Amino acid sequence: MEPAISIIKICGGFAAVAEMTGRDETRVRRWTYPKERGGTGGLIPAEQQQVIMAEARARGLPLSPENFFVDDSDQSAA
C-alpha cells in the first residue's frame with residue numbers, strides 16, 4: 001500500500017528501513033498492510049517519518065517529504 005511501499009523501495013527494502021528506524025522488520029512490513037490485516041493502510045507512523053528522512057539524507061537517497069503523501073489526483077472514479 002502506498003506511500004509506504006514506494007518509500008521502502010527508495011530506502012533499500014524492509015531490512016534497510018528496519019535498520020534506519022531501529023524497528024523490527026516485521027513492524028516495517030505492517031506499514032504496507034491494510035488496516036483490516038493489522039497494518040497502517042500504507043501510512044508510515046509520524047514518529048518514524050522524520051527518522052527515515054534524516055537517514056535517507058545521510059545516505060544520499062532520493063527521498064523527499066512529498067513521498068510520504070498519496071496524490072489523490074492520480075486516482076480516477078470508476
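**Architecture and side-chain contacts of a predicted four-helix chain**

Q48 touches T21, R23 and W31, with residues up to four places away in sequence left out of the count; contact here means heavy atoms within 4.5 Å. Q48 lies in helix α4 and is buried, with a relative accessible area of 5%. Buried denotes under 20% relative accessible area, exposed over 50%, and partly exposed the range in between (1.4 Å probe, protein chains only). The structure is a predicted model, in which local features need pLDDT of at least 70 and side-chain atom pairs count only at pLDDT 80 or more, whereas totals for chains, interfaces and linings use all residues. Residues are numbered from 1 along each chain as its sequence is written, and side-chain values use heavy atoms, with hydrogens and water left out.

The protein chain contains 4 helices and 0 strands, in the order α-α-α-α along the sequence. Helices (H or I, at least four residues) and strands (E, at least two) are DSSP runs, numbered from the N terminus. The C-alpha trace spans about 40 × 25 × 20 Å along its principal axes. Of the 78 residues, 29% are buried. Among contacts between residues at least 6 apart in sequence, 52% join residues at least 24 apart.

The accessible surface of the protein chain amounts to about 5000 Å², and carbon and sulfur atoms account for 50% of this area. Accessible areas come from the Shrake-Rupley method with a 1.4 Å probe; for residues, only the protein chains shown count as cover. The chain carries 9 positive and 11 negative charges, whose mean positions are 7 Å apart. In this count Lys and Arg are positive and Asp and Glu negative, while His and the chain ends are not counted. Each charge is placed at NZ of Lys, CZ of Arg, CG of Asp or CD of Glu.

Burial within helix α2 involves A16, V17, A18, M20 and T21. The cover over the buried residues of this helix includes α1, α3 and α4. Just after α2, G22 adopts a positive phi of about 75 degrees. Most residues other than glycine have a negative phi, and most peptide bonds are trans.

In helix α1 (residues 4-11), I10 was examined. I10 counts as partly exposed, at 26% relative accessibility. With residues up to four places away in sequence excluded, I10 touches L61, P62, L63 and N67. I10 and M20 are separated by 10 residues in sequence and by 13 Å in space, C-alpha to C-alpha.

Side chains of opposite charge can pair when their charged atoms come close. A salt bridge is defined as a side-chain nitrogen of Lys or Arg within 4 Å of a carboxyl oxygen of Asp or Glu. By this rule the count is 3 salt bridges. In one of them, the side chains of R59 and E19 meet with an N to O distance of 2.5 Å. This pair links distant parts of the chain, with R59 in the segment after α4 (46-58) and E19 in helix α2 (residues 14-21), 40 residues apart. R59 is partly exposed, with a relative accessible area of 38%, whereas E19 is exposed, at 51%.

R59 also forms a salt bridge with E55, and the closest N and O atoms of this pair are 3.1 Å apart. Through shared partners, salt bridges join E19, E55 and R59 into one network. E55 is partly exposed, with a relative accessible area of 28%.

A further salt bridge pairs R29 with E25, the closest N and O atoms lying 3.1 Å apart. Both residues belong to helix α3 (residues 25-30), where R29 and E25 are 4 residues apart, about one turn of the helix. An α-helix has 3.6 residues a turn, so residues three or four places apart point the same way. R29 is partly exposed, with a relative accessible area of 32%, and E25 likewise counts as partly exposed, at 31%.
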